[in-house]
Amino acid sequence: MARIDDAVRRILRVKARAGLFSCPRPSQRPDTVEGTGVGDPTHRTLARRAVRRSLVLLKNEGVLPLRRDTKVLVAGDGADNIGKQCGGWTLTWQGTGNDNKDFPNGMSLFDGFVEATANHGGAATHSPTGEFA
């Protein structure tokens with residue numbers, strides 16, 4: 001218990017120094033609500049560039065690039081849950097108890113697949129349990 005108490009104390013101290021307890025929720029901060037800071041198009045472009053450069057494809061057996069008219073099944077209960085995809089240290093611990101609307105200008109993995117496939121004549125379907133017809 002002493003070790004857990006020490007770890008929690010350190011985490012809370014860092015959060016307090018960062019002002020996380022005195023600030024409104026990120027989704028309610030002026031820059032987010034007004035769309036002038038968080039989610040700015042230049043930030044999103046930079047984030048997409050970073051993802052493209054950091055992704056590692058371990059194995060590709062003719063799956064990529066996707067055909068233009070492809071149908072994609074996106075499986076998993078976190079595929080359309082931005083809070084869960086962000087994990088801890090977001091709006092709530094472990095990203096639970098939030099809706100996607102709590103992340104203005106955010107896009108879930110599923111939303112990304114919907115947009116990407118729709119732009120090329122395909123379609124994406126979400127199955128939280130992984131079941132499909």
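Biologist: In what order do the elements of the chain run from the N terminus on?
Modeller: In this predicted model, the secondary structure comes to 5 helices and 2 strands. Read from the N terminus on, the order of these elements is α-α-α-β-α-α-β.

Biologist: What share of the residues in the chain is buried?
Modeller: A residue counts as buried when its relative accessible area is under 20%. The chain exposes about 10200 Å², of which carbon and sulfur atoms supply 57%. Among the 133 residues of the chain, the buried share is 19%.

Biologist: Which residues make up the largest nonpolar core?
Modeller: In soluble globular proteins, nonpolar side chains tend to be buried together. Here the largest such core has 5 residues, and they are V72, V74, A79, F110 and A124.

Biologist: Which residues does V72 contact, leaving aside its neighbours within four places in sequence?
Modeller: V72 belongs to the largest nonpolar core, and a contact requires heavy atoms within 4.5 Å. With the neighbours within four places in sequence left aside, the partners of V72 are L66, F113, T117, A123, A124 and T125.

Biologist: How far apart are the C-alpha atoms of T125 and F110?
Modeller: T125 is found in strand 2, which covers residues 123–127, and T125 is partly exposed because its relative accessible area is 47%. Beyond its neighbours within four places in sequence, T125 is in contact with V72, L73, V74 and F110. Although T125 and F110 lie 15 residues apart along the chain, their C-alpha atoms are separated by 8.1 Å.

Biologist: Is F113 buried, partly exposed or exposed?
Modeller: F113 has its place in helix 5, residues 109–118, and together with L57, V63, L64, L66 and L109 it makes a nonpolar surface patch of about 550 Å². Since the relative accessibility of F113 is 33%, which falls between the limits of 20% and 50%, F113 counts as partly exposed.

Biologist: Which residues does T70 touch, not counting those up to four places away in sequence?
Modeller: T70 is found in the loop between helix 3 and strand 1, the strand being residues 71–75. With a relative accessibility of 12%, T70 counts as buried. Not counting residues up to four places away in sequence, T70 touches T117, G122 and A123.

Biologist: Is N98 buried or exposed?
Modeller: N98 has its place in the loop between helix 4, residues 82–86, and helix 5. Residues up to four places away in sequence not being counted, N98 touches R25, L91, T92 and F103. Because the relative accessible area of N98 is 9%, which is under 20%, N98 is buried.

Biologist: How many of the 14 residues of helix 3 are buried?
Modeller: Helix 3 covers residues 41–54 and reaches 20 Å from its first C-alpha to its last, close to the 20 Å expected at 1.5 Å a residue. Helix 3 is hardly covered, and the count of buried residues among its 14 residues is 0.

Biologist: Which residue with a positive phi follows helix 1?
Modeller: Helix 1 has 16 residues and reaches 22 Å from its first C-alpha to its last, close to the 22 Å expected at 1.5 Å a residue. The residue that follows helix 1 has a positive phi, near 80°, and this residue is G19.

Biologist: Why are D6 and R10 separated by about one helical turn?
Modeller: D6 forms a salt bridge with R10, in which the closest N and O atoms are 3.1 Å apart. At 31% relative accessibility D6 counts as partly exposed, whereas R10, at 51%, counts as exposed. The two residues are separated by about one helical turn because D6 and R10, both in helix 1 (residues 2–17), are 4 residues apart.

Conventions
Residues numbered from 1 in each chain as written. Predicted model: local features only at pLDDT ≥ 70, side-chain atom pairs only at ≥ 80, totals over all residues. Heavy atoms only, no water. Patch = residues over 30% accessible without salt bridge, like charges linked within 9 Å, V, L, I, M, F, W, Y side chains within 5 Å. Areas by Shrake-Rupley, 256 points an atom, 1.4 Å probe, with all protein chains shown as cover. Salt bridge = Lys/Arg side-chain N within 4 Å of Asp/Glu carboxyl O. Buried < 20%, exposed > 50% of the residue type's maximum accessible area, 1.4 Å probe, protein only. Core = buried A, V, L, I, M, F, W, Y, C linked by side-chain atoms within 4.5 Å. Expected span 1.5 Å × (residues − 1).
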